[in-house]
Amino acid sequence: MLGFLYALLGLVIAAVLDVALGDPPTRFHPVGWQGRYVDFLWSRRYGVRGKPAGLFVWGLVIVVTGLVVTTLGAGSLQWVAAVLRRSGGGGYGWARLIFASMLCGFVLKGTFSFSGLMKAGASVEAALNIGDLESARGSTAYHLVLSLIH
């Protein structure tokens with residue numbers, strides 16, 4: 001039962017953070033970090049430029065190392081939250097559960113951005129409403145792709 005409550009509280013906290021604060025600036029956002037990481041490594045292709053097999057392997061290295069680093073970072077925070085939630089003795093059970101849920105919500109918030117998606121969609125819709133297809137395409141590229149790596 002406490003595991004369900006912990007997960008539910010974490011999700012609610014993540015949603016409240018999203019609605020109340022929106023996304024942090026890209027330089028503080030985990031997805032922005034991933035974008036800069038990919039951009040940094042991709043620009044250092046060393047001897048594989050133009051070689052399809054080499055480019056494939058280099059891309060695979062980027063993806064796998066990015067997944068490992070992300071999983072270790074988020075997993076470590078989730079592990080701390082789980083230890084806090086499950087540690088026995090000494091009382092403060094509900095306080096530990098709430099703190100662990102807050103940590104879970106903080107980690108989970110970085111995985112979605114409903115408020116950011118709504119803002120991006122509104123800018124595309126505004127361009128489409130005035131018939132400016134080129135601007136709508138540019139807005140889509142900027143808000144949903146390029147802003148993640150700059």
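User: What covers the buried residues of helix 2?

Analyst: In this predicted model, the buried residues of helix 2 are Gly 32, Gly 35 and Leu 41. Among the elements that cover these buried residues, the one to name here is helix 3.

User: Which residues of helix 3 are buried?

Analyst: Helix 3 takes in residues 52-86, and buried here stands for a relative accessible area under 20%. The residues of helix 3 that are buried are Gly 54, Trp 58, Ile 62, Gly 66, Ala 81, Ala 82 and Arg 85.

User: How many Å apart are the end C-alpha atoms of helix 3?

Analyst: Helix 3 has 35 residues, and at 1.5 Å a residue these should span 51 Å.

User: Is Asp 23 buried, partly exposed or exposed, and what is its relative accessible area?

Analyst: Asp 23 is placed in the loop between helix 1 (2-21) and helix 2 (30-42). Buried would require a value under 20% and exposed a value over 50%. Asp 23 is partly exposed because its relative accessible area is 34%.

User: Which side chain makes a polar contact with the side chain of Asp 23?

Analyst: Leaving aside residues up to four places away in sequence, Asp 23 touches His 29, Lys 109, Phe 112, Ser 113, Ser 115 and Gly 116. One of these, Ser 113, is 90 residues apart from Asp 23 in sequence, yet their C-alpha atoms are 6.6 Å apart in space. The polar contact, at 3.0 Å, joins the side chain of Asp 23 to that of Lys 109.

Notes:
Residues numbered from 1 in each chain as written. Predicted model: local features only at pLDDT ≥ 70, side-chain atom pairs only at ≥ 80, totals over all residues. Heavy atoms only, no water. Helix = DSSP H or I, 4+ residues; strand = E, 2+ residues; numbered from the N terminus. Expected span 1.5 Å × (residues − 1). Buried < 20%, exposed > 50% of the residue type's maximum accessible area, 1.4 Å probe, protein only. Contact = heavy atoms within 4.5 Å. Polar contact = N/O pair within 3.5 Å; in protein donor to acceptor, adjacent residues only side chain to side chain.
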